[in-house]
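Here is a short report for someone meeting this structure for the first time. Please look over the sequence and the model before reading on.

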Amino acid sequence: MTDTVISTRPLLAVLVSFAAGMLILATGDRRPNLREGWTIAAALIKFGLVVSMIPTVLAGKVITCRLLTLLPGVELVFRVDAFGLLFGVIAATLWIPTSFYSIGYVRTLNEHAQSRYFFAFALCLSSAVGVAFAGNLLTLLICYEVLTIATWPLVIHHEDGAAIMGGRKYLVYTLTAGTGLLLATVVTYSLAGTLDFTPGGFLAGHAPDGLLMLLFVLFIAGFGVKAGIMPFHEWLPTAMVAPTPVSALLHAVAVVKAGVFGCVRVLLFVFGPNLLRELGIWQAMAGVAAFTVVAAGLLALGQDHLKRRLAFSTINNLALILLGVTLLSENAIRGGILHIANHAFMKITLFFCAGAIYAKTHKDHVSQLDGLGRQMPFTFAAFTIAAMGLSGIPPVNGFISKWFLCLGAVQAGELLFLFVILTSAMLDVAFFFPIIFNGFFREPRPDVAPRIDEAPLIMVIPLCATAAFSVLFGIMPDAVLHFFSITTHAVQQVLGG
Amino acid sequence: MLEYVIAKYNYWVYVILMMIGLYAMMGKRNLVKKLIGMNIFQTSIILFYVSIGVKKGGATVPILEGHGHGGHQAVDVATILNPLPHVLMLTAIVVSIATTGVALAALILIYRRYGTLEEDEIIAARRAAAAPKAKDQAS
Amino acid sequence: MTAQLPALQIAIPLLGAFITPLIGWHRPRLAGLWALAVLAGAAALAVALLMQVTAHGPISYHLGNWAPPWGIAYAVDHLTVLMLLLITGIGLMAFLQARPAVAVSMPGREPYFYTLFLLQVTGLSGIVITGDMFNLFVFLEISSLSGYALIALGEDGAPLATFNYIIIGTVGACFYLLGVGYLYIVTGSLNMADLANLLPALYHSKVVLVAFAFFTVGVAIKMGLFPLHTWMPDAYTTAPAPASALIAPLMTKVAAYVMIRIMFTVFRPEFDIGVIPVATILGWMAVIAILVGGIKALAQTDLKRMLTYIMVAEVGYIVMGISVMNRPGLTGAILHIMNDACMVACLFLVIGALAHKGIPRTISELGSLNRKMPFTMAAFVVAALSMCGLPPACGFFSKWYLVQGTVAAGQWVFAGTLLVSSLINAVLFFRVIEKAYLAPGGGHGHDDQQHDDGHGTANVVRDEAPAAMLAPILIMAALILVLGPFSGTIIDAVISHAVPAAF
């Protein structure tokens, strides 16, 4: 089997942002620069810790950090394998630009309760990385629930009626889902006596098919709520009342990806491809995912609120990831996992752009953006790049993952789903390109400044950086962070295991 | 059947007393009567305990003479009374008195506050006290 | 000296209680310190007993060196030390907060309050430590009587609530006593261990069955199991805050302990399962308790009253864990006794701090409380999240075991009830949290002034409870977070020994 390296690095990576959160609270509103210093320091340290694990994992090893025994045979354990590392790297990497961007955003808009905001943000990151590195279902569940709660203060940040309602909706969906997950996990434990993630699954042969199907539904519904699978997606657009950096990092990277990540963990590391094939349930799952892909794309067309449109695009892409993984062919899984990373970079760029536009002009509807590209060319250029990527146009990284997804659909012999993937790309073009067209080519509205008047640099630089990385990963998928190699490792572990 | 009833008359007495007590606690609207019911209830149990220790036919207290090293000595069980239930009831009587005392103290507090010990009137007084408050909140 | 620990565990708070008023007559201030020292001593003894039991196994202490079954034995096993630790620990925390509170709310009468407080701790400790059925009744009445007196010290409705509690509590205690009498008739023994050996031959005797029924009903009254909970909300709501922080978390839990003792030490699991369907009945009563408790809690506007109804539901959790009759279930029940005691203690301590600051308990008037009392509210949030069963707080882990127990027993309705209940709890507590953290203004915001500036809370001045009251709150909150991840360790070291080997 794989070599195991004992190290506290995973634990430290989780705890560093938690510690930063505590320091942020202790520092409070009185010394904002020091407080933001903690955020950035923690982000950098976390990034360093996570990246330092890449070579070890690429060497085929698993980094483990055992803490406490929670149940007989189940420990609180962080185990970094290739798939977990991928999510960890994404979260840790994107926290850096988001930190800078957040500082710019909240200061530009003079937001209230900034300490709470940064505290909750740090806590979210802590738990998101915890989700990524969790070595068994229980650890995952614990981190997942912490993530749920830590996100709530961010969703209700504005404290107005819409925010509180959004927060309530968010809690109702996610806590109910968490309850379902708890039940599913307990049943799994009762059946198998273990909860450790095993590439290729550990549940086979432990229960009759009917019960396994029920478990599957519970798991997927539980994680699927955060992943925005229809019909559990409704909270996601509503939660867009949150400040934009929150939407950016949490609703494009940490929270929803934690849901997708959980789904994939369950699909590949609890049930395993073979069991899913035996049960035949992957087709139903793929059907739901495909429906979500198309329906979310269609619904996105009808949204005038920019962030809501992005939210539906997120739902669309998350379902695409799940569709890829449920097709169970090598290339499809590869494409799905790779899309977790690629989508994160592109979508965060888009949200950054939306936030920059809002911070500068207080415009948040698509119909208000006419000609704004002349005032904010960098922002709109980044937006264009990311939108191209999501539509699967080379040389942006979205092309790579969509390419593998299509290959995978062909490999699985599912031409219907190939058609779905291609349709989705067309829908992406349909709902993104009008924005770009309006921004650059429509007659400017009277309130658009005639010269270049961008948002503060601290916001523009991060969004340009993420856009640039999207292109870089499109040209060289294995550059810098080795996403491609990590993905390959993960796929080999699951299929070759 | 009648013999069966009569042979265990002590149990019947305690059951009847107990039911009287229970009825008074549930059925009476006066708090003092409730308290008396509670006392009857407790007393019935004390009687029950005492009666199970009784033996007829000249049984006496277990003061054993001439035993040696504390070892088991054969005694004629029929001649020995078991004192334990009675002793236990001494404690139970103390408990019962203490409970009555606390309850009476509570009743004094209630009487000072509401000027009555009828449950209906107390509830009415509390409602009347709460009503203006609720009206304030509603407005 | 170490051999006498079990006796000292009772003797120290008991004698301490009677010395307190003597000191109080001369030096009222000193009485508080004295009582504090006594409680700290009791807690230290509990820790010493824990060490002893985990190292050398259960202790059987013969009072006055009279060998059981004739003499009274104190049986100190793993479950006992766990309960002792809870009682003395929470007693100490509650007392830390009670001292400044009582000085304000009942000046001049503090020594009497302290005496009752110590007697309450004595009674509760006695219940868990004794191995004798009748002795248990005596301690039950000591704790109840001191509890009645403490509750009667409370606010407006307290005497009436106390009187109702006395009536129904006495019925409960009498039923228990009657059960003891019935067992005595057929076995001639009062010692629990002795009874456990004598009873199996008599399991089908009608007298034993009736005795068991009386025990169950009597204990259910004391623990406030639905539908015998009616005394609880009134009594605990009107009790003075420092007293409710002691009684509310402990009384119901100790009664639950008695239920576990009777069902698993005095009687054997075979009896509970095979002879009468008590498990099934209790399980369904628990379902109703959990749902009704939750729904009634939803209807409350008074925070403290809401908590008491949540306690009704929590008692249902424990009973459900007992009723499924398997290892994870009972582990969960015992774990939940511990966890719930800590959570309820923390919440009632928070209530105590609010009461001290004169903040109304009506939920709708809690606006901006996080600005006023940030640390208190942070502790409240921790306890609340734990109540909702969210990790890593300890409530999650007891819920885990309880659900596992119900699943293992194939009782899907029970499992569903537990899960629904944690959602109800989430609604209950997030309603409060939302109010305290988000609502602008001081709560009288029926007019439109709250919309003046987007977040009109800037003018709220921080007015935190004094450190002496805050410290126990924060300790309990920290404990809630620590107990969770370490629950595996606790189960290994203590609770696993308390579960009958038959499971």
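## A buried charged pair in chain A

Glu159(A) and Arg116(A) are both buried, meaning under 20% relative accessible area, with exposed set at over 50% and partly exposed in between (1.4 Å probe, protein chains only). Their side chains meet in a salt bridge, 3.0 Å from N to O. A salt bridge here is a side-chain nitrogen of Lys or Arg within 4 Å of a carboxyl oxygen of Asp or Glu. Glu159(A) sits in the loop between H6 and H7 of chain A, and Arg116(A) in helix H5 (residues 114-133), so the pair ties together parts 43 residues apart in sequence. Helices (H or I, at least four residues) and strands (E, at least two) are DSSP runs, numbered from the N terminus.

This is a predicted model: local features need pLDDT of at least 70, side-chain atom pairs count only at pLDDT 80 or more, and totals for chains, interfaces and linings use all residues. Residues are numbered from 1 along each chain as its sequence is written, chains are lettered from A and ligands numbered from 1 in the order in which they are written, and side-chain values use heavy atoms, leaving out hydrogens and water.

## Other salt bridges

Over all chains, the structure holds 21 salt bridges. One of them joins the side chains of Arg442(A) and Asp370(A), at 3.6 Å from N to O. Arg442(A) lies in the loop between helix H18 (415-441) and helix H19 (457-475) of chain A, and Asp370(A) in the loop between helix H14 (330-361) and helix H15 (372-375), so this pair ties together parts 72 residues apart in sequence. Arg442(A) is partly exposed, with a relative accessible area of 39%. Asp370(A) counts as buried, at 13% relative accessibility.

Chain B has a network of its own. Salt bridges that share partners join Arg29(B), Lys34(B), Glu119(B) and Asp120(B).

## Where chain A meets chain C

Contact means heavy atoms within 4.5 Å. On that rule, 31 residues of chain A are in contact with 28 residues of chain C. The two chains bury about 2800 Å² between them, 79% of it on carbon and sulfur atoms. Buried area is the accessible area (1.4 Å probe) that two parts lose on being put together, summed over both.

How many salt bridges does the count give between chain A and chain C? The count is 1. Glu434(C) pairs with Arg168(A), the closest N and O atoms being 2.6 Å apart. The pair crosses between chains, from helix H18 (residues 412-438) of chain C to helix H7 of chain A. Glu434(C) counts as buried at 8% relative accessibility, while Arg168(A) is partly exposed at 39% relative accessible area.

## Where chain C meets chain B

Here 30 residues of chain C are in contact with 37 residues of chain B. About 2900 Å² is buried between the two chains, 80% of it on carbon and sulfur atoms. Leu160(C), Phe163(C) and Tyr184(C) supply 22% of the area that chain C buries against chain B, more than any other three residues.

The rule finds 1 salt bridge across this interface. Asp156(C) forms a salt bridge with Arg113(B), with the closest N and O atoms 2.5 Å apart. On the side of chain C that touches chain B, helix H5 (133-152) and helix H6 (158-187) of chain C each supply at least two residues. H6(C) gives the most, with 17 residues.

## Aromatic pairs

A search of the whole structure finds 52 aromatic pairs over all chains. Rings of Phe, Tyr and Trp (its six-membered ring) pair if their centres lie within 6.5 Å; planes under 30 degrees apart count as stacked, over 60 as edge-to-face and the rest as tilted. Tyr117(A) and Phe118(A) form an edge-to-face pair, 5.1 Å centre to centre with 90° between the planes. Both Tyr117(A) and Phe118(A) are buried.

Phe48(B) and Tyr49(B) are also edge-to-face, at 5.7 Å centre to centre and 85° between the planes. Phe48(B) and Tyr49(B) are both buried.

## Chain B in outline

Chain B has 5 helices and 0 strands. Buried residues make up 28% of its 139 residues.
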